Amino acid sequence: MKNTDLCIVIPCYNEEEVLPETIRQLSAVMDRLKASGKITAGRLLFVDDGSKDRTWELIAAHAQPGSWVGGLKLAHNEGHQGALMAGLEWAAAHSDAAVSIDADLQDDVNAIEEMVDRFNEGADIVYGVRKARETDTWFKKNTALAFYRLIRTMGGDVVYNHADFRLMSRRALQALLAYPERNLFLRGVVRLIGFNEAYVYYDRKSRFAGESKYPLKKMLAFAVDGITSFSVKPLSLIITGGFIFAIVVPVIMIIYALVQHANGHTIPGWTSLLVSVWFIGGIIMIAIGVTGVYIGKIYKEVKQRPRYFIDRTANLESK
């Protein structure tokens, strides 16, 4: 059995309603792992992503010597992926393995023990994969499935029904830190590492308390980030679309115009001009928009700005 120091990384943003229960359940998991000899030491690392409620106060209150709880407070809201990366970077320097899990208790905390088992058997990356989406609304279920299909169609390699609930060994964490990009889509980046992988399947629960931090607007932005971070296929689709609208559509319009002219239903030139303007204008706007997204990402990357700044820590000095 390995002498394993395990860090569980929990990014938090305005989670004061659920945090006490999250700490209680995850502490119980750590107690069981320690008692069974599956780990020798560990830490619950809560990363406060610039919360505006009492999240940090609760973390600091629980982060006492002798407890499992430690905390990082980011100086500014960096988003879920940025906060998660901050926690994983700390874990890479202080732990043998790290589990990432959201604070909302929708992911099954009991699956962590099985992840540790797979790690002790030699896996470097253990993915937590949902068995089903019975707790999701019809809209969320189908948009999520469409997202995974779209990512794969665009050339991205992601695990179906996997979010950011996973275990990574120190070796895998160090490999992850070698990726310098600021536009983070960790589900895709982790798959690029290529070390020994394993899977743990679990049933996802409804949110314990509070509101979802991923409304439709953020979900759409996350989907765009995922696609444009791992594929240039949208750019090639613009070229394909250009050929279609430059060759196919004019042929269709000529046929349509001839039929309408034969029936005497046309004002000369008006129909073809109107439809052509709409089609050509639409494809130009799409092309400019997609190209703009990529240029914006290049702009962010070349600046090489820090991903985050740590404002405060709690109960981490001894580790």
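**Labels and the values behind them**

Author: Gladly! Let us begin with Asp 164, which is buried, with a relative accessible area of 7%. Please keep in mind that this is a predicted model.

Reader: Why is Asp 164 called buried?

Author: Buried means under 20% relative accessible area. Asp 164 has 7%, so the label applies.

Reader: What makes Asp 164 and Arg 166 a salt bridge?

Author: The criterion is a side-chain nitrogen of Lys or Arg within 4 Å of a carboxyl oxygen of Asp or Glu. For Asp 164 and Arg 166, the N to O value is 2.7 Å, so the pair qualifies. Arg 166 is buried too, because its relative accessible area is 1% and the limit is 20%.

Reader: How do you know that Asp 107 and Arg 204 form a salt bridge?

Author: By the cut-off of 4 Å again: their side chains meet at 3.0 Å, N to O, and therefore count. This pair links distant parts of the chain, 97 residues apart. Asp 107 sits in the loop between strand S4 and helix H4, while Arg 204 sits in the loop between strand S7 and helix H8.

Reader: Which label do Asp 107 and Arg 204 get, buried or exposed?

Author: Asp 107 has 4% relative accessibility and so counts as buried. Arg 204, with 14%, is under 20% and therefore buried as well.

Reader: Why is Arg 54 called partly exposed?

Author: Partly exposed lies between the 20% limit for buried and the 50% limit for exposed. Arg 54 has 40% relative accessibility, so it falls in that range. Its side chain meets that of Glu 57 in a salt bridge of 3.5 Å, N to O. A search of the whole structure finds 13 salt bridges, and Lys 38, Glu 113 and Asp 117 are linked in a network of them.

Reader: What makes strands S5 and S6 a pair?

Author: Pairing needs at least two bridges. S5 and S6 are joined by 4, so they pair, and they run antiparallel. Val 129 stands opposite His 162 in S6.

Reader: Where do S5 and S6 sit in the sheet?

Author: The open sheet of 8 strands has the order S7-S5-S6-S4-S1-S2-S3-S8, with mixed pairing.

Reader: Why are S7 and S8 called edge strands?

Author: Each of S7 and S8 pairs on one side only. Helix H4 lies across S1, S4, S5, S6 and S7, at about 40° to S6.

Methods
Residues are numbered from 1 along each chain as its sequence is written. This is a predicted model: local features need pLDDT of at least 70, side-chain atom pairs count only at pLDDT 80 or more; totals for chains, interfaces and linings use all residues. Side-chain values use heavy atoms; hydrogens and water are left out. Buried means under 20% relative accessible area, exposed over 50%, partly exposed in between (1.4 Å probe, protein chains only). Helices (H or I, at least four residues) and strands (E, at least two) are DSSP runs, numbered from the N terminus. Contact means heavy atoms within 4.5 Å. Axes are lines fitted to C-alpha atoms, for helices over the stretch in contact, and angles run from 0 to 180 degrees between N-to-C directions.
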